[in-house]
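Subject: Structure handover

Hello,

I am passing on the structure we spoke about, followed by notes on what was found in it. Please read the notes with the model open beside you.

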Amino acid sequence: MITKKELLECAKANFTKFGSKRITLDELAKTLGISKKTIYVHFKNKETLVNKSVASLINDYKLDINDIVKNNANDDILTIILIYKRGFEYLRYFKPSFIFGLKKYYPKAYTTFNDFRKELAFSTILNLLKNAKEKGVILPNVNLKLVIELYFYKVESIAFSTDNLFAVYDSDIILKHLIVYNLKGLTTKQYSNCYYN
């Protein structure tokens with residue numbers, strides 16, 4: 001019998017690739033070679049499965065973020081770049097309709113996603129920027145909250161605004177244009193980073 005974890009992993013892969021609204025429980029069951037009833041053994045309904053899938057995706061990314069922060073404690077700017085680099089690796093496999101579908105059809109899952117997005121931008125990234133500013137790495141007159149609003153909050157909506165930019169451009173190119181070049185404009189001349197070249 002399939003485990004709850006295996007079912008969740010399959011759901012995450014299919015929801016992000018095809019959109020949470022488009023993939024049915026019948027299709028998931030067929031993909032896994034199980035009956036639809038087996039899904040209901042583990043999850044009350046599709047909405048619950050979507051909610052758990054989003055929470056699991058976010059948890060995976062949070063674990064990655066914690067590792068990045070721990071392993072790059074001496075360079076706040078590099079830490080920010082690496083956090084978004086990892087995030088773009090996730091987003092690269094998302095169909096834009098996945099996030100838009102959450103907002104329209106699964107408000108609880110979208111709230112979970114949006115809360116995480118706010119926490120990442122206004123807590124994790126803002127704190128890293130504050131640390132960098134205290135160390136003299138960021139120009140003194142920079143309004144960090146405005147920087148968050150302009151460049152770091154809702155990054156995925158920019159990447160998916162008209163088309164999936166990840167389908168058109170390499171994720172490293174998107175990282176440089178959305179994150180790295182904006183950070184470069186905020187930092188002092190004394191700060192140099194391999195990503196800036």
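This is a predicted model: local features need pLDDT of at least 70, side-chain atom pairs count only at pLDDT 80 or more; totals for chains, interfaces and linings use all residues.

Residues are numbered from 1 along each chain as its sequence is written, and side-chain values use heavy atoms, with hydrogens and water left out.

Overall make-up

The protein has 11 helices and zero strands. Helices (H or I, at least four residues) and strands (E, at least two) are DSSP runs, numbered from the N terminus. The C-alpha trace spans about 60 × 30 × 25 Å along its principal axes.

Helix contacts

Two packed helices are described by the angle between their axes and the distance between the axes. Here axes are lines fitted to C-alpha atoms, for helices over the stretch in contact, and angles run from 0 to 180 degrees between N-to-C directions. Angles under 35 degrees count as roughly parallel, over 145 as roughly antiparallel, 65 to 115 as roughly perpendicular and the rest as oblique. Contact means heavy atoms within 4.5 Å. For residue classes, Ala, Val, Leu, Ile, Met, Phe, Trp, Tyr, Cys and Pro are nonpolar, Asp, Glu, Lys and Arg are charged, and the others, Gly among them, are polar.

Helix 1 (residues 4–18) and helix 2 (residues 25–32) have axes that come within 11 Å and cross at roughly 120°, so helix 1 is oblique to helix 2. Leu 7, Cys 10, Ala 11, Asn 14 and Phe 15 of helix 1 make this contact with Leu 28, Thr 31 and Leu 32 of helix 2. Its residues comprise six nonpolar, two polar and no charged.

The axes of helix 1 and helix 4 (residues 46–71) come within 9 Å, crossing at roughly 90°, and helix 1 is therefore roughly perpendicular to helix 4. On the helix 1 side, the contact residues include Leu 8, Ala 11 and Phe 15; on the helix 4 side, they include Leu 49, Ser 53 and Asp 60. This contact has six nonpolar, three polar and five charged residues.

Helix 4 also packs against helix 7 (residues 107–134), at an angle of about 15° and with the axes 8 Å apart. These two helices are therefore roughly parallel to each other. Among the residues that meet are Val 54, Ile 58 and Tyr 61 in helix 4 and Phe 113, Phe 116 and Leu 120 in helix 7. By class, the residues of this contact are nine nonpolar, three polar and three charged.

The cavity

A search of the whole structure finds one cavity of 30 Å³ or more. A cavity is a set of points, on a 1 Å grid over the protein atoms alone, where a 1.4 Å probe fits but cannot get out; lining residues have an atom within 4 Å of a point. Of the 20 residues lining it, Tyr 61, Gly 87, Leu 91, Phe 113 and Phe 116 are the closest to its centre. Helix 5 gives the most to this lining, with five residues. The lining divides into 16 nonpolar, one polar and three charged residues.

Regards

Key. On a 1 Å grid over the protein atoms alone, a cavity is a set of points where a 1.4 Å probe fits but cannot get out, and a pocket is an open set with protein on both sides within 12 Å along at least five of seven lines; lining residues have an atom within 4 Å of a point. Grid points are joined across faces, edges and corners, and a volume is the space filled by probe spheres set on the points.
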